[in-house]
Amino acid sequence: MPHILVVEDDVMTAQLFEIILKRKGGFEVTVTDDGEKIMELIKSGGVDLVIMDVSLPGTFVDGVQVDGLKLTRMIKENETTARIPVILATAHAMRGDAERFLEESKADDYIAKPISDHNFLIQKIKEHLKSE
Amino acid sequence: MWESILTKGYWSGEIINKKKNGEFYFAFLSIASVKDELHGVTYYLGIQSDITEKKKIEEQIRYQANLLENVNDAIIAADLNYRITSWNKAAERMYGYKSEEVIGKEISEVVPVEFPNISRDEVRKMILEKGFWKGEAIHYNRFGEKIYVSSSITIVRDSQGNPIGTVGINRDITEQKKAEEKLKLYAEQLEIANAQLQELNKLKSEFLANTSHELRTPLNSIIGFLNLIKEGLYENQEEMLKFVDNALMSAKHLLNIINDILDIAKIEAGKLELNIEDIEVSELLYEVWTLSHVQAEQKKLEYKFIYPEGKVFVKGDRNRLKQILLNLIGNSIKFTHKGGITVKAEVFEEKGFCQFTVSDTGIGIAKEKQAKLFQKFVQADGTTTRKYGGTGLGLAITKGLVELMGGIIDLYSEGEGKGTTVIFTIPLSRISYGEKFEIEQGKIYGDSGLLILAVDDDARFANFLKTFLVKNSFRFAWADNAEDGWNYILKLKPDVLIIDYAIPYKASALIKNGFDLVLKVYDTPEFQDTPVIILTGHPQKVRELLKLSFINFQPNVLEKPIEPNYLLNLLRQYVKEKDEVNILLADDDVNIELYLRKILPDIYKIDYAKNGREAIEKIKVNNYDILLLDLMMPEVNGYDVIRELRLNKLAPELPILVITNFPDPATDEERDLLSKSMGIIVLDKSELNLDPAKLIDLINKQIKTKQK
């Protein structure tokens, strides 16, 4: 069973992701916005894909506040973790945001909130898992 | 000619002679009688030389001299010791010294100079070495005024090429310099305005982005949980209901955000109408406490309310006042993690407002971010990863609401981690004290005197002004809001304005507070000279606004409460100012007129007569408040004028101030003419230069004596 890490600070959205991914996608799911825990999980090799929020005001790594873009970059710039697919899931959905975020973070994909079609989300995840 | 020859035996002179061909020529002719002992005059000897060429050269020299005299550039020639040898008319005008005053003096004694990045000695060295110097400099005239000049100094040589002196041509470029400076100022202002616009534009984009983000987040939960229910992805009835609850909660949050956006849009568009009533402050605070204390307790914060003593009423919109307080308290709770929050209401009766304070021991705000916080779309943490959410509209809405009700709002914080205090004011309601005032808007009280218009929402203060000013020979009118104030200014054309700063206004009002009104007045040519006194409980605020606005006037800013006599003195000053003082100056020295125009304030209108005869003619026709009289004048001198005015009773009452270089009369008759019994004061001209204030003082004294 693929293991999906959801990085999300909004309690309700986090809950929502967990239910959708577990019950609809049949994935193993971990939801957190704790920076140290995120890095530890990623490095352990036990994560197959990351759903990453962008605004993460309460997330710190080594005492430095990081947002989803920085976290993704850290994953992508480390050779041992670079191959883990990262999908940005954010409510920042103004024109140009997707391109800018992808460019800045080197993430693999982007999905705008609100996510109105859950099947579309599951499909996207499955595609990225396959191509890995 | 013959008389001279007969009596003296000779004559010489220039004549115009006629050649045989009819051409005229200039000749120098000497005729002498030749006589012998016996026969007396025997014959006359005439020697004639043609001087036509010489005449031409003379004419040319005169023409050139005339040119030098009439150009607009000051042309100053000097010898090798820089002693002035020639000083043209333009120099007289530019520096205020007559040629005869300066010839023979060292230039530096007469004209103080500042050169940019170079000293006078260095300039002189360059002139000697290179033969010339060219550049811009600052000169000072007789009155110590700065003149910007473009200056070019050249060495003058004799026919053998030996230097014999220098000539300097100085062009007055002060106006040009001032225009340049003005232009520079405008450019700077434009740059600032442009930067502000760009900043505003950036803030709008940020606002849109933030608003979009804030709307999408709750929408995600609403759609998400409803989808879960639709797809049957719940384990039991209980979980389904929880999903419904989650969707509802998010929907409510969304509604709050939308309300905020609508509020700010309405305030912006002037569409937010308030329901103003008298509100009892303690009651209001208690209501706010019941709505907010649970939140504070949940965060384990100390939550303290300090109520005003007794019953206090303010004029405001009850729901909006609650909104303001809840917003500020909500912020405090959000940004405070330990310690507490204090909410306080204090009455400042003399200033006419109740002051509310919400202070906390929270995260505080860096000083540089404080000023911007009340602008809409701005949050202290403006990054995309804001920790505390919100739309960035709360404080902008709060500020808009407070100002609509006629208050001001300010935020203080010693910096990050040091807590925050927000203070706002709301006008007190006087009616609720049971006071009744017999004052009507737009009605003129009093029969005579300057008309004072007060624009102030405080009826009690207006009523006091009415009684006080009418008693002191003023007329008084009142408006309780800025827009009506403007209408009364148009209709009544008051002489002096007393304007409050924070005044309640209708949402649709174009002229909102007192400051808007002041700007409007200064923007309207017909009224821009009307003296304005800004009388406010918030003088700091007003001074800041004055500093920020691009206007170059200084209205009087006075703090409430005002000492009535201070206000009275200020107003009396305007009474004097309104009356012009018409001066007739009789002096053959034009420089005195120029000098007086410079040192006397604008209300002193100067008419000028260049001699005694002109002065007498002018006095026959015009009405003057005072005559400033020189004694030594051609044709009809000062003593003659005094004789005509006093002894011949042309103007026995006209105050006369004699200004003269020769204050000591030569004869007894002159002494009598200058005596105090003639109502004449004598001032030495040298004193005039030393102490201009003395002249103003003397003029005022002379006029006052007359009025008595």
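This is a predicted model: local features need pLDDT of at least 70, side-chain atom pairs count only at pLDDT 80 or more; totals for chains, interfaces and linings use all residues.
1. F348 of chain B stands opposite F353 of chain B, the latter in strand β14(B). Strand β13 (residues 340-348) of chain B and strand β14 (residues 353-360) of chain B run antiparallel and are joined by eight bridges.

2. Both strands belong to an open sheet of five strands in chain B, with the order β11-β13-β14-β16-β15 and mixed pairing. At the edges are β11 (302-306) and β15 (409-412) of chain B, each of which pairs on one side only. Direction ignored, neighbouring strands of this sheet are turned against each other by 15 degrees on average. As background, the strands of a sheet pair through backbone hydrogen bonds, and the pairing is either parallel or antiparallel.

3. Two helices of chain B lie across this sheet. Helix α9 (residues 281-298) of chain B lies across β11, β13 and β14 of chain B, and runs at about 180 degrees to β11(B). Helix α10 (residues 318-335) of chain B lies across β13, β14 and β16 (420-427) of chain B; its direction is about 20 degrees from that of β14(B).

4. Which residues touch the most other members of the largest nonpolar core? They are C354(B), I452(B) and L453(B), in a core of 79 residues. Leaving aside residues up to four places away in sequence, L453(B) touches A477(B), A479(B), G485(B), Y488(B), I489(B), L492(B), P494(B) and L497(B). Another core, of 39 residues, lies apart from the largest one; I4(A), L5(A), V47(A) and Y110(A) are among its members.

5. For chain B as a whole, the count is 23 helices and 26 strands. Of its 708 residues, 29% are buried. Among contacts in chain B with a separation of 6 or more, 60% are between residues 24 or more positions apart.

6. Chain A has 132 residues, and buried residues make up 42% of them. Its secondary structure consists of five helices and seven strands. From the N terminus on, the elements of chain A follow the order β-α-β-α-β-β-β-α-β-α-β-α. In chain A, residues 24 or more positions apart account for 60% of the contacts with a separation of 6 or more.

7. One helix pair in chain A deserves a separate entry. Two packed helices are described by the angle and the distance between their axes. For helix α3 (residues 68-77) of chain A and helix α4 (residues 97-105) of chain A, the axes come within 8 Å and cross at roughly 40 degrees. The two helices, α3(A) and α4(A), are therefore oblique to each other. On the α3(A) side the contact is made by L69(A), T72(A) and R73(A), which meet F101(A), E104(A) and S105(A) in α4(A). By class, this contact of α3(A) with α4(A) has two nonpolar, two polar and two charged residues.

8. How many residues does each chain bring to the contact between chain A and chain B? Chain A supplies 22 residues and chain B supplies 21 residues. On the side of chain A that touches chain B, helix α1 (residues 11-24) of chain A gives the most, with six residues. The residues on that side of chain A divide into eleven nonpolar, six polar and five charged.

Conventions:
Residues are numbered from 1 along each chain as its sequence is written. Chains are lettered from A and ligands numbered from 1 in the order in which they are written. Two residues are in contact if their C-beta atoms, placed from the backbone, lie within 7 Å. Helices (H or I, at least four residues) and strands (E, at least two) are DSSP runs, numbered from the N terminus. Ala, Val, Leu, Ile, Met, Phe, Trp, Tyr, Cys and Pro count as nonpolar, Asp, Glu, Lys and Arg as charged, and the others, Gly among them, as polar. Two strands pair if DSSP finds at least two bridges between them. Axes are lines fitted to C-alpha atoms, for helices over the stretch in contact, and angles run from 0 to 180 degrees between N-to-C directions. A residue is buried if 20 or more other C-beta atoms lie within 10 Å of its own, exposed if 12 or fewer, and partly exposed in between; C-beta atoms are placed from the backbone. Angles under 35 degrees count as roughly parallel, over 145 as roughly antiparallel, 65 to 115 as roughly perpendicular and the rest as oblique. A nonpolar core is a set of buried Ala, Val, Leu, Ile, Met, Phe, Trp, Tyr and Cys residues joined through C-beta atoms within 7 Å.
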